[in-house]
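Here's a quick briefing to read alongside the model. Keep the 3D view open and follow along.

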Amino acid sequence: MFLAGDRALTQIAILTPAADDPAYKSHWPVVLERLSTALAMADVSAVPTAWTDHVEDASDLTGYPLVLGVLTWGYYERHADWLAATTLWGKAGVRIANPASVLGWNSDKSYLRRLETAGIPIPPTAWSDQVTQAEVDAAFGRFGTDTLVVKPTVSGGAWKTVKVSRGETLTDAPDAAAMIQPFLPELVANGELSLLFFGGRFSHAVMKRATAGDFRVQVQYGGSYVYVAEPPAGAVALAERVLAAIEEPLLYARIDMVESPAGWVLMEAELVEPDFYLAQAPDGGRLFAESVKARLSSGA
(Lines give C-alpha, C1' and ligand atoms only; values in the text may rest on other atoms or scores of the structure.)
Protein backbone atom coordinates (compact mmCIF):
# COMPACT_ATOMS: atom_id res chain seq x y z
CA MET A 1 0.00 0.00 0.00
CA PHE A 2 1.23 3.51 -0.74
CA LEU A 3 -0.03 7.07 -0.52
CA ALA A 4 -1.26 9.10 -3.50
CA GLY A 5 -1.91 12.58 -2.23
CA ASP A 6 -4.04 12.08 0.87
CA ARG A 7 -5.28 8.65 -0.17
CA ALA A 8 -3.87 5.23 0.64
CA LEU A 9 -3.87 3.08 -2.49
CA THR A 10 -3.69 -0.70 -2.45
CA GLN A 11 -1.18 -2.01 -4.98
CA ILE A 12 -2.07 -5.05 -7.05
CA ALA A 13 -0.26 -6.61 -10.01
CA ILE A 14 -1.55 -6.88 -13.56
CA LEU A 15 0.13 -9.47 -15.75
CA THR A 16 1.01 -8.15 -19.20
CA PRO A 17 2.33 -9.61 -22.47
CA ALA A 18 5.89 -10.84 -22.77
CA ALA A 19 8.34 -7.96 -23.15
CA ASP A 20 9.65 -9.42 -26.42
CA ASP A 21 6.17 -9.90 -27.96
CA PRO A 22 5.65 -7.09 -30.51
CA ALA A 23 2.12 -8.11 -31.52
CA TYR A 24 0.23 -5.91 -29.06
CA LYS A 25 2.94 -3.48 -27.99
CA SER A 26 0.97 -0.42 -29.07
CA HIS A 27 -2.40 -1.60 -27.78
CA TRP A 28 -2.05 -3.19 -24.36
CA PRO A 29 -0.72 -0.02 -22.64
CA VAL A 30 -3.92 1.76 -23.74
CA VAL A 31 -6.05 -0.96 -22.14
CA LEU A 32 -3.85 -0.92 -19.04
CA GLU A 33 -4.51 2.79 -18.69
CA ARG A 34 -8.27 2.18 -18.84
CA LEU A 35 -7.99 -0.51 -16.19
CA SER A 36 -5.82 1.71 -13.99
CA THR A 37 -8.23 4.62 -14.30
CA ALA A 38 -11.11 2.40 -13.27
CA LEU A 39 -9.21 0.85 -10.36
CA ALA A 40 -8.32 4.29 -9.04
CA MET A 41 -12.02 4.80 -8.32
CA ALA A 42 -11.67 2.07 -5.68
CA ASP A 43 -8.33 3.37 -4.36
CA VAL A 44 -6.41 0.57 -6.08
CA SER A 45 -3.29 1.00 -8.18
CA ALA A 46 -1.88 -1.51 -10.65
CA VAL A 47 1.74 -2.54 -11.15
CA PRO A 48 2.29 -4.07 -14.62
CA THR A 49 4.57 -7.10 -14.87
CA ALA A 50 5.13 -9.48 -17.80
CA TRP A 51 3.64 -12.91 -17.15
CA THR A 52 6.69 -14.56 -18.71
CA ASP A 53 8.82 -13.26 -15.82
CA HIS A 54 6.96 -15.59 -13.44
CA VAL A 55 6.97 -18.95 -15.21
CA GLU A 56 9.59 -20.64 -13.01
CA ASP A 57 9.44 -18.51 -9.86
CA ALA A 58 6.26 -17.06 -8.37
CA SER A 59 7.90 -15.33 -5.39
CA ASP A 60 7.55 -11.85 -6.89
CA LEU A 61 3.78 -12.37 -7.15
CA THR A 62 3.02 -13.87 -3.76
CA GLY A 63 3.55 -10.53 -2.01
CA TYR A 64 0.62 -8.88 -3.79
CA PRO A 65 -2.84 -9.02 -2.22
CA LEU A 66 -4.22 -9.67 -5.71
CA VAL A 67 -2.85 -10.43 -9.17
CA LEU A 68 -4.95 -9.97 -12.31
CA GLY A 69 -4.12 -11.98 -15.41
CA VAL A 70 -6.20 -9.77 -17.67
CA LEU A 71 -3.48 -8.56 -20.06
CA THR A 72 -1.57 -11.77 -20.79
CA TRP A 73 -2.16 -11.37 -24.51
CA GLY A 74 -0.13 -13.72 -26.65
CA TYR A 75 0.03 -16.52 -24.06
CA TYR A 76 -1.27 -18.94 -26.70
CA GLU A 77 2.02 -18.66 -28.61
CA ARG A 78 3.82 -20.00 -25.52
CA HIS A 79 1.13 -22.31 -24.28
CA ALA A 80 3.43 -24.84 -22.61
CA ASP A 81 4.96 -22.01 -20.57
CA TRP A 82 1.50 -20.68 -19.80
CA LEU A 83 0.30 -24.01 -18.42
CA ALA A 84 3.49 -24.38 -16.40
CA ALA A 85 3.02 -20.88 -15.01
CA THR A 86 -0.62 -21.28 -14.04
CA THR A 87 0.19 -24.56 -12.32
CA LEU A 88 3.04 -22.90 -10.43
CA TRP A 89 0.89 -19.93 -9.40
CA GLY A 90 -1.78 -22.23 -8.05
CA LYS A 91 0.68 -24.31 -6.04
CA ALA A 92 2.49 -21.21 -4.74
CA GLY A 93 -0.73 -19.70 -3.44
CA VAL A 94 -0.64 -16.60 -5.64
CA ARG A 95 -3.87 -14.71 -5.03
CA ILE A 96 -4.77 -14.49 -8.68
CA ALA A 97 -8.03 -13.77 -10.47
CA ASN A 98 -9.43 -15.49 -12.19
CA PRO A 99 -8.20 -18.58 -10.31
CA ALA A 100 -5.06 -20.18 -11.71
CA SER A 101 -7.04 -23.34 -12.49
CA VAL A 102 -9.42 -21.32 -14.68
CA LEU A 103 -6.54 -19.55 -16.41
CA GLY A 104 -5.26 -23.00 -17.31
CA TRP A 105 -8.32 -24.81 -18.66
CA ASN A 106 -9.89 -21.73 -20.26
CA SER A 107 -6.76 -21.23 -22.39
CA ASP A 108 -7.79 -24.20 -24.57
CA LYS A 109 -11.10 -23.86 -26.40
CA SER A 110 -11.78 -27.56 -25.96
CA TYR A 111 -13.52 -26.44 -22.74
CA LEU A 112 -16.46 -25.71 -25.06
CA ARG A 113 -17.00 -29.45 -25.35
CA ARG A 114 -17.55 -29.64 -21.61
CA LEU A 115 -19.98 -26.74 -21.68
CA GLU A 116 -21.85 -28.30 -24.58
CA THR A 117 -22.19 -31.50 -22.56
CA ALA A 118 -23.64 -29.38 -19.78
CA GLY A 119 -26.35 -28.17 -22.18
CA ILE A 120 -24.80 -24.92 -23.42
CA PRO A 121 -25.46 -24.41 -27.16
CA ILE A 122 -22.35 -23.84 -29.27
CA PRO A 123 -21.95 -23.75 -33.07
CA PRO A 124 -21.73 -27.16 -34.75
CA THR A 125 -18.10 -28.20 -34.36
CA ALA A 126 -15.76 -30.92 -35.61
CA TRP A 127 -12.75 -31.39 -33.35
CA SER A 128 -9.41 -32.38 -34.82
CA ASP A 129 -6.00 -33.21 -33.39
CA GLN A 130 -4.40 -32.13 -36.68
CA VAL A 131 -6.58 -30.72 -39.45
CA THR A 132 -6.34 -32.44 -42.83
CA GLN A 133 -7.92 -31.64 -46.18
CA ALA A 134 -9.97 -34.83 -45.85
CA GLU A 135 -11.44 -33.62 -42.56
CA VAL A 136 -12.30 -30.26 -44.09
CA ASP A 137 -13.96 -31.91 -47.09
CA ALA A 138 -15.96 -34.16 -44.76
CA ALA A 139 -17.04 -31.15 -42.69
CA PHE A 140 -18.60 -29.48 -45.73
CA GLY A 141 -20.87 -32.47 -46.12
CA ARG A 142 -21.50 -32.89 -42.40
CA PHE A 143 -22.55 -29.29 -41.87
CA GLY A 144 -24.20 -28.75 -45.28
CA THR A 145 -22.38 -25.47 -45.80
CA ASP A 146 -20.21 -23.93 -48.50
CA THR A 147 -17.90 -22.07 -46.08
CA LEU A 148 -16.01 -23.24 -43.01
CA VAL A 149 -13.90 -21.59 -40.33
CA VAL A 150 -10.88 -23.44 -38.99
CA LYS A 151 -9.24 -22.21 -35.79
CA PRO A 152 -6.75 -23.60 -33.27
CA THR A 153 -8.17 -24.64 -29.92
CA VAL A 154 -5.33 -22.65 -28.37
CA SER A 155 -5.62 -19.19 -29.85
CA GLY A 156 -6.77 -15.65 -29.26
CA GLY A 157 -7.74 -12.61 -31.30
CA ALA A 158 -8.46 -14.78 -34.37
CA TRP A 159 -4.81 -15.92 -34.39
CA LYS A 160 -4.26 -18.50 -37.17
CA THR A 161 -8.00 -18.60 -37.85
CA VAL A 162 -8.80 -19.22 -41.51
CA LYS A 163 -11.92 -19.31 -43.66
CA VAL A 164 -12.17 -21.85 -46.47
CA SER A 165 -14.82 -22.32 -49.16
CA ARG A 166 -16.00 -25.55 -50.73
CA GLY A 167 -13.62 -26.60 -53.50
CA GLU A 168 -10.69 -24.63 -52.08
CA THR A 169 -7.51 -26.23 -50.83
CA LEU A 170 -6.90 -25.59 -47.16
CA THR A 171 -3.81 -23.45 -46.67
CA ASP A 172 -2.22 -21.99 -43.53
CA ALA A 173 -4.03 -24.59 -41.46
CA PRO A 174 -3.37 -24.67 -37.71
CA ASP A 175 -0.49 -27.02 -36.94
CA ALA A 176 -2.07 -28.34 -33.74
CA ALA A 177 -5.48 -29.25 -32.34
CA ALA A 178 -8.24 -27.27 -34.02
CA MET A 179 -11.95 -26.67 -34.42
CA ILE A 180 -13.80 -26.84 -37.72
CA GLN A 181 -17.09 -24.94 -37.77
CA PRO A 182 -19.55 -23.81 -40.41
CA PHE A 183 -19.15 -20.12 -41.16
CA LEU A 184 -21.97 -18.22 -39.47
CA PRO A 185 -23.21 -15.49 -41.82
CA GLU A 186 -24.98 -13.99 -38.81
CA LEU A 187 -21.57 -13.09 -37.42
CA VAL A 188 -21.02 -10.71 -40.33
CA ALA A 189 -24.64 -9.60 -40.73
CA ASN A 190 -25.43 -8.97 -37.07
CA GLY A 191 -22.13 -9.12 -35.21
CA GLU A 192 -20.87 -10.88 -32.10
CA LEU A 193 -22.38 -9.83 -28.78
CA SER A 194 -20.17 -9.65 -25.69
CA LEU A 195 -21.64 -9.52 -22.19
CA LEU A 196 -19.32 -8.42 -19.38
CA PHE A 197 -19.67 -9.59 -15.78
CA PHE A 198 -17.71 -8.53 -12.72
CA GLY A 199 -18.09 -10.28 -9.38
CA GLY A 200 -20.97 -12.25 -10.88
CA ARG A 201 -22.90 -9.09 -11.75
CA PHE A 202 -23.74 -7.94 -15.26
CA SER A 203 -21.89 -4.78 -16.24
CA HIS A 204 -22.46 -3.93 -19.89
CA ALA A 205 -22.82 -5.35 -23.38
CA VAL A 206 -20.97 -4.57 -26.60
CA MET A 207 -21.76 -5.58 -30.18
CA LYS A 208 -18.67 -6.23 -32.29
CA ARG A 209 -18.91 -6.11 -36.07
CA ALA A 210 -16.40 -6.95 -38.77
CA THR A 211 -15.38 -4.43 -41.38
CA ALA A 212 -16.65 -4.91 -44.92
CA GLY A 213 -15.01 -7.87 -46.62
CA ASP A 214 -13.75 -9.50 -43.42
CA PHE A 215 -15.25 -11.96 -40.93
CA ARG A 216 -13.07 -11.14 -37.93
CA VAL A 217 -14.59 -8.74 -35.44
CA GLN A 218 -11.39 -7.83 -33.58
CA VAL A 219 -10.36 -4.19 -33.71
CA GLN A 220 -6.92 -5.07 -35.10
CA TYR A 221 -8.72 -6.32 -38.23
CA GLY A 222 -10.87 -3.22 -38.54
CA GLY A 223 -13.74 -4.37 -36.36
CA SER A 224 -15.95 -1.89 -34.52
CA TYR A 225 -17.41 -2.03 -31.01
CA VAL A 226 -20.75 -0.46 -30.09
CA TYR A 227 -22.39 -0.27 -26.66
CA VAL A 228 -25.71 -2.14 -26.37
CA ALA A 229 -28.00 -0.51 -23.83
CA GLU A 230 -30.44 -3.41 -23.50
CA PRO A 231 -29.05 -6.80 -24.56
CA PRO A 232 -31.72 -9.32 -25.61
CA ALA A 233 -33.18 -11.39 -22.80
CA GLY A 234 -32.17 -14.61 -24.55
CA ALA A 235 -28.56 -13.48 -24.68
CA VAL A 236 -28.51 -12.59 -21.00
CA ALA A 237 -30.11 -15.92 -20.15
CA LEU A 238 -27.45 -17.82 -22.09
CA ALA A 239 -24.64 -15.90 -20.39
CA GLU A 240 -26.10 -16.67 -16.97
CA ARG A 241 -26.35 -20.37 -17.86
CA VAL A 242 -22.70 -20.37 -18.92
CA LEU A 243 -21.60 -18.76 -15.66
CA ALA A 244 -23.71 -21.19 -13.65
CA ALA A 245 -21.99 -24.12 -15.37
CA ILE A 246 -18.57 -22.94 -14.15
CA GLU A 247 -17.80 -24.05 -10.61
CA GLU A 248 -14.80 -21.85 -9.79
CA PRO A 249 -15.34 -18.32 -8.39
CA LEU A 250 -14.87 -15.75 -11.14
CA LEU A 251 -13.90 -12.12 -10.65
CA TYR A 252 -14.53 -11.33 -14.31
CA ALA A 253 -16.02 -12.95 -17.38
CA ARG A 254 -16.77 -11.95 -20.93
CA ILE A 255 -19.32 -14.14 -22.66
CA ASP A 256 -19.21 -13.91 -26.46
CA MET A 257 -22.15 -15.16 -28.51
CA VAL A 258 -23.91 -14.98 -31.86
CA GLU A 259 -27.61 -15.20 -32.62
CA SER A 260 -28.15 -18.06 -35.06
CA PRO A 261 -31.46 -19.11 -36.66
CA ALA A 262 -31.79 -21.64 -33.83
CA GLY A 263 -31.15 -19.03 -31.11
CA TRP A 264 -28.14 -17.65 -29.26
CA VAL A 265 -25.01 -19.82 -29.32
CA LEU A 266 -21.87 -19.45 -27.26
CA MET A 267 -18.74 -18.59 -29.19
CA GLU A 268 -16.42 -18.31 -26.19
CA ALA A 269 -16.40 -17.80 -22.44
CA GLU A 270 -13.42 -15.43 -22.13
CA LEU A 271 -12.03 -15.92 -18.63
CA VAL A 272 -8.28 -15.41 -19.13
CA GLU A 273 -7.38 -12.08 -20.72
CA PRO A 274 -10.46 -10.50 -22.28
CA ASP A 275 -10.62 -6.85 -23.18
CA PHE A 276 -13.38 -5.52 -20.92
CA TYR A 277 -14.29 -2.73 -23.39
CA LEU A 278 -14.33 -0.21 -20.56
CA ALA A 279 -14.41 2.58 -23.13
CA GLN A 280 -17.96 1.43 -23.85
CA ALA A 281 -18.95 0.85 -20.21
CA PRO A 282 -21.37 3.57 -19.01
CA ASP A 283 -19.84 3.49 -15.51
CA GLY A 284 -16.28 3.69 -16.84
CA GLY A 285 -15.43 0.43 -15.10
CA ARG A 286 -16.66 1.28 -11.62
CA LEU A 287 -18.30 -2.16 -11.17
CA PHE A 288 -15.01 -3.78 -12.17
CA ALA A 289 -13.16 -1.67 -9.60
CA GLU A 290 -15.73 -2.38 -6.90
CA SER A 291 -15.46 -6.11 -7.59
CA VAL A 292 -11.68 -5.94 -7.23
CA LYS A 293 -12.07 -4.01 -3.98
CA ALA A 294 -14.55 -6.59 -2.69
CA ARG A 295 -12.15 -9.41 -3.54
CA LEU A 296 -9.35 -7.60 -1.70
CA SER A 297 -11.57 -7.09 1.33
CA SER A 298 -12.56 -10.76 1.41
CA GLY A 299 -8.93 -11.88 1.47
CA ALA A 300 -9.78 -14.70 -0.98
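Four strands make up an open sheet in the order β6-β9-β7-β8, and their pairing is antiparallel. The sheet's edges are β6 (126–128) and β8 (162–165), each of which pairs on one side only. From one strand to the next, the twist averages 25°. Bear in mind that this is a predicted model, where local features need pLDDT of at least 70, side-chain atom pairs count only at pLDDT 80 or more, and totals for chains, interfaces and linings use all residues. Residues are numbered from 1 along each chain as its sequence is written, and side-chain values use heavy atoms, with hydrogens and water left out.

**Terms for the sheet**
- Strands (E, at least two residues) and helices (H or I, at least four residues) are DSSP runs, numbered from the N terminus.
- Two strands pair if DSSP finds at least two bridges between them.
- Angles run from 0 to 180 degrees between N-to-C directions, using axes that are lines fitted to C-alpha atoms, for helices over the stretch in contact.

**Inside the sheet and across it**
- Five antiparallel bridges link strand β7 (residues 147–152) with strand β9 (residues 178–182).
- In this pairing, P152 sits opposite A178 of β9.
- Helix α6 (residues 133–143) lies across β6, β7, β8 and β9 and runs at about 35° to β9.

- T145 is in the loop between α6 and β7.
- Leaving aside residues up to four places away in sequence, T145 touches F140, R166 and P182 (contact means heavy atoms within 4.5 Å).
- Is T145 buried or exposed? T145 counts as buried, at 15% relative accessibility (buried means under 20% relative accessible area, exposed over 50%, and partly exposed in between, with a 1.4 Å probe and protein chains only).

- The peptide bond from A97 to N98 is cis, with omega near -5°.
- N98 itself belongs to the loop between β5 (96–97) and α4 (100–105).
- D43 isn't a glycine, yet its phi is positive, near 60°.
- You'll find D43 in the loop between α1 (28–40) and β3 (44–50), and D43 is partly exposed, with a relative accessible area of 26%.
- Y277 also isn't a glycine, and its phi is positive at about 55°.
- Look for Y277 in the loop between β14 (263–270) and α9 (286–298), where Y277 counts as buried at 4% relative accessibility.
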